[in-house]
Amino acid sequence: MQELLEEVQKGNKEARDCMVQSNMGLVWSIVRRFANRGYELEDLFQVGSIGLMKAIDKFDLSFDVKFSTYAVPMITGEVKRFLRDDGMIKVSRSLKENGAKVKQAREKLQASLGREPTLQEISDETGFPREEIVMALEANGEVESIYKTYSPTDGKEACLADRLPQEKDSHEVLLNHMLLEQLLAELSEMERKLIELRYFGDKTQVQVAKELGISQVQVSRLEKRILLQMRSQV
């Protein structure tokens, strides 16, 4: 595998094709997790294969992880983006019915509680597991309802998605760190400093503008362009 990756980085097309073929099983193992989403597994496999090829092209031999460990989040992310961007158009009748019940329960709880209900409260009201509630809302074109912000009693904006249990995987944290480093390395010195000040130094756009010697409007435009550029590469 190491030798193949070295050849790929030298531009060897045959080595790249061999890497793709050698990891077809990995793509299938990930794609099967997304069964029963309204899409043929063959279609999702094609999408996952794109993620695999991106992983092959972007993998750095200096990374202290196996290629498969690096490739898993890349393949998974590609499939998730497809499902998200496609809008979950193919929705089963049961999911539609569940979505309607969840929406009704949510509105009822909002009226009685005077605030946004938690996923657990909606689960108690409907009898659906929390995972099914999220899936029903997404499948019925209500993704925005999960991420719609509201202000609870402490005045801090929050959303239903914030209430989903978050499990941090050490491999995923490491990979995210490596990907971030790689993306930052591709920026110019000023662009990198802007992102570091904004997202690691917790600086406002006005403060960043003062440090970089440019206007706040320029900072805002640069920030948007840089983030779009970084998102397009993951």
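**Figure 1. Packing of helix α11 against helix α12 in the predicted model.** Helix α11 (residues 189–199) packs on helix α12 (residues 205–212) at an angle of about 145°, and their axes lie 10 Å apart. Each axis is a line fitted to C-alpha atoms over the stretch in contact, and angles run from 0 to 180 degrees between N-to-C directions. Helices (H or I, at least four residues) and strands (E, at least two) are DSSP runs, numbered from the N terminus. α11 passes α12 in a right-handed crossing; a crossing has this hand if the near helix is turned clockwise from the far one by less than a right angle, and is left-handed if anticlockwise. From α11, Met 190, Lys 193, Leu 194, Leu 197 and Arg 198 meet Gln 205, Val 208, Glu 211 and Leu 212 of α12. The residues of this contact divide into five nonpolar, one polar and three charged. Contact means heavy atoms within 4.5 Å. Ala, Val, Leu, Ile, Met, Phe, Trp, Tyr, Cys and Pro count as nonpolar, Asp, Glu, Lys and Arg as charged, and the others, Gly among them, as polar. Residues are numbered from 1 along each chain as its sequence is written, and side-chain values use heavy atoms, with hydrogens and water left out. Because the model is predicted, local features need pLDDT of at least 70 and side-chain atom pairs count only at pLDDT 80 or more, while totals for chains, interfaces and linings use all residues.

**Figure 2. The two sides of helix α12.** Gln 205, Val 208, Ala 209 and Leu 212 are the buried residues of α12. Seen down the helix axis, these residues fall within an arc of 100°, so they line one face of α12. The arc is that of the directions from the helix axis to the C-beta atoms. Val 206 and Lys 210, on the other side of α12, are exposed. Buried means under 20% relative accessible area, exposed over 50%, and partly exposed in between (1.4 Å probe, protein chains only). Gly 213 follows α12 and has a positive phi, near 75°.

**Figure 3. The largest nonpolar core.** This core has 27 residues, of which Leu 44, Leu 52, Ile 56, Phe 67 and Ile 75 touch the most other members. Two or more residues each come from α1 (2–9), α2 (13–22), α3 (24–31), α4 (41–58) and α5 (67–85). The greatest share is that of α5, which gives seven residues. Not counting residues up to four places away in sequence, Leu 52 touches Val 20, Asn 23, Met 24, Val 27, Phe 67 and Ile 75. A second, separate core has 13 residues, among them Leu 183, Ile 195, Val 208 and Ile 226. A nonpolar core is a set of buried Ala, Val, Leu, Ile, Met, Phe, Trp, Tyr and Cys residues joined through side-chain atoms within 4.5 Å.

**Figure 4. Ile 226 in helix α13.** Ile 226 lies in helix α13 (residues 216–232). Its relative accessible area is 0%, so Ile 226 is buried. With residues up to four places away in sequence not counted, Ile 226 touches Leu 187, Glu 191, Leu 194 and Ile 195. Leu 184 is 42 residues from Ile 226 in sequence, and the two are 9.8 Å apart in space, C-alpha to C-alpha.

**Figure 5. Buried faces of helices α3 and α7.** In α3, the buried residues are Met 24, Leu 26, Val 27, Ile 30 and Val 31. These residues cover an arc of only 160° around the axis, which puts them on the same side of α3. In helix α7 (residues 119–126), Leu 119, Ile 122 and Ser 123 are buried. Their arc around the axis is only 105°, which puts them on the same side of α7. Gly 127 follows α7, with a positive phi, near 85°.

**Figure 6. Two buried glycines, Gly 77 and Gly 99.** Gly 77 is placed in helix α5 and has a relative accessible area of 17%. The C-alpha atoms of Gly 77 and Gly 51 are separated by 7.5 Å, although these residues are 26 residues apart along the chain. Gly 99 is found in helix α6 (residues 93–113) and has a relative accessible area of 6%. Between Gly 99 and Ile 133, 34 residues apart along the chain, the C-alpha separation is 7.4 Å.

**Figure 7. Overview of the protein chain.** The chain has 13 helices and zero strands. Of its 234 residues, 36% are buried. Among contacts with a separation of 6 or more, 53% are between residues 24 or more positions apart.
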